[in-house]
Amino acid sequence: MKAIVQDRYGPAGVLRQAEVERPEPGAGEIVVRVRAAGLDPSVWHLMTGLPYLMRLMGFGLRRPKDRVRGWDAAGTVAAVGAGVTRFAPGDDVFGVGSGGTFAEYCRGAAEMFAAKPADVDFDAAAAVPTSAITALRALVDAGGLRAGGHVLVLGAGGGVGTFAVQLAKAREAEVTGVCGTDKTELVRSLGADHVVDYTERDVTAGTARYDLVLDTAGNRPLASLRRVLAPRGTIVLVGGEGGGRWVGDLRRSLGGSVRSLFSARKVKAPYVRPRPGDVEEVRALLESGAISPVVGRRYALADAAEAIRDWEKGHTRGKTVLVV
């Protein structure tokens with residue numbers, strides 16, 4: 001099968017299309033004929049090998065442990081492993097694969113996939129799993145989102161941000177979304193009560209105070225975010241591809257977490273790894289209409305490197321998807 005592989009860490013140029021062995025399902029696994037695959041920030045980290053701390057976490061010290069990139073996938077079940085009863089060949093599914101999804105086929109634990117809603121196309125379904133799960137866990141588990149709370153979403157027009165705005169509104173919060181000029185109408189259409197164009201106004205210089213600040217952009221000092229935080233509010237840091245080459249944005253996260261031990265204002269930086277049941281939870285949100293995926297750009301599988309280069313510029317609306 002065709003797949004996007006890399007044999008060393010580096011910029012987008014290390015990615016190439018190659019012929020590799022089609023995966024076979026193990027016990028409890030399925031193999032999916034991929035129709036679309038989503039691009040999320042972890043793809044960039046695993047491609048570049050940055051920060052270096054990531055390599056020590058088991059992803060490969062000198063080169064990537066898994067050659068094929070990608071986590072999100074939507075497609076049709078091609079084969080099932082022993083013990084799998086939830087799915088059968090021919091079922092349309094979406095979820096989180098293992099061993100790479102930028103390929104014609106991927107495999108993954110059956111419990112990390114869910115049935116694709118009939119009214120959601122493959123491209124849109126591939127945009128959901130990691131980004132929607134990250135937004136949900138960040139808002140609810142880390143941020144303690146509550147009805148009537150005031151929520152500030154930085155990077156509201158991106159992959160995680162677009163889901164965060166919708167999820168916060170679904171839980172009856174008052175939402176302020178911060179984004180660039182080209183995304184203001186999008187964020188407003190997602191239900192944000194207030195939209196701030198960061199090129200025109202610095203939201204952290206205002207008088208409004210927020211119970212929950214979700215920072216998906218990672219480019220503002222914590223001191224600035226604390227200025228707009230309510231007395232018992234919480235800052236949740238998600239993503240952020242800046243920082244040093246060794247620990248990346250971890251220094252900001254750790255510094256904020258330690259300081260929050262002595263304050264009613266909390267700083268949290270959750271490491272969100274999809275768990276069994278998470279994809280089913282976001283599927284229910286999809287079917288209820290609480291969330292709707294925003295697919296910004298579509299690229300052919302062979303153009304994965306170009307897709308990442310464009311993503312690196314930071315102006316992608318919603319989620320970038322590879323159409324297989």
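Ala73 stands opposite Gly95 in β5, and strand β4 (residues 72–80) pairs with β5 in the antiparallel sense over five bridges, where two strands pair if DSSP finds at least two bridges between them. The model is predicted, so that local features need pLDDT of at least 70 and side-chain atom pairs count only at pLDDT 80 or more, while totals for chains, interfaces and linings use all residues. Residues are numbered from 1 along each chain as its sequence is written, and side-chain values use heavy atoms, with hydrogens and water left out.

**Strands and burial**
- Helices (H or I, at least four residues) and strands (E, at least two) are DSSP runs, numbered from the N terminus.
- Strand β5 also runs antiparallel to strand β7 (residues 113–115), to which three bridges join it, and the bridge partner of Phe94 in β7 is Ala114.
- Four of the five residues of β5 (residues 92–96) are buried, where buried means under 20% relative accessible area, exposed over 50% and partly exposed in between (1.4 Å probe, protein chains only).
- Asp72, placed in strand β4, is buried with a relative accessible area of 0%; leaving aside neighbours within four places in sequence, its contacts (heavy atoms within 4.5 Å) include Gly95, Val96, Thr101 and Lys319.

**Helix α10**
- In helix α10 (residues 304–312), the buried residues are Ala304, Ala305, Ala307, Ile308, Asp310 and Trp311, and what covers them includes β1 (2–5), β3 (29–39) and β15 (319–323).
- Gly314, which follows α10, has a positive phi, near 80°.

**Salt bridges**
- The count comes to 19 salt bridges, each being a side-chain nitrogen of Lys or Arg within 4 Å of a carboxyl oxygen of Asp or Glu.
- Glu281 and Arg137 meet through their side chains in a salt bridge (3.6 Å, N to O); because Glu281 lies in helix α9 (residues 278–288) and Arg137 in helix α4 (residues 129–142), the pair ties together parts that are 144 residues apart in sequence.
- Of these two partners, Glu281 is partly exposed at 31% relative accessibility, whereas Arg137 counts as buried at 10%.

**Charges over rings**
- Arg22 lies over the face of Tyr105, at 4.2 Å from the ring centre, and the charged end of Lys116 sits over the ring of Phe122, 4.9 Å from its centre.
- A charge sits over a ring if NZ of Lys or CZ of Arg is within 6 Å of the ring centre and within 35 degrees of the ring normal.
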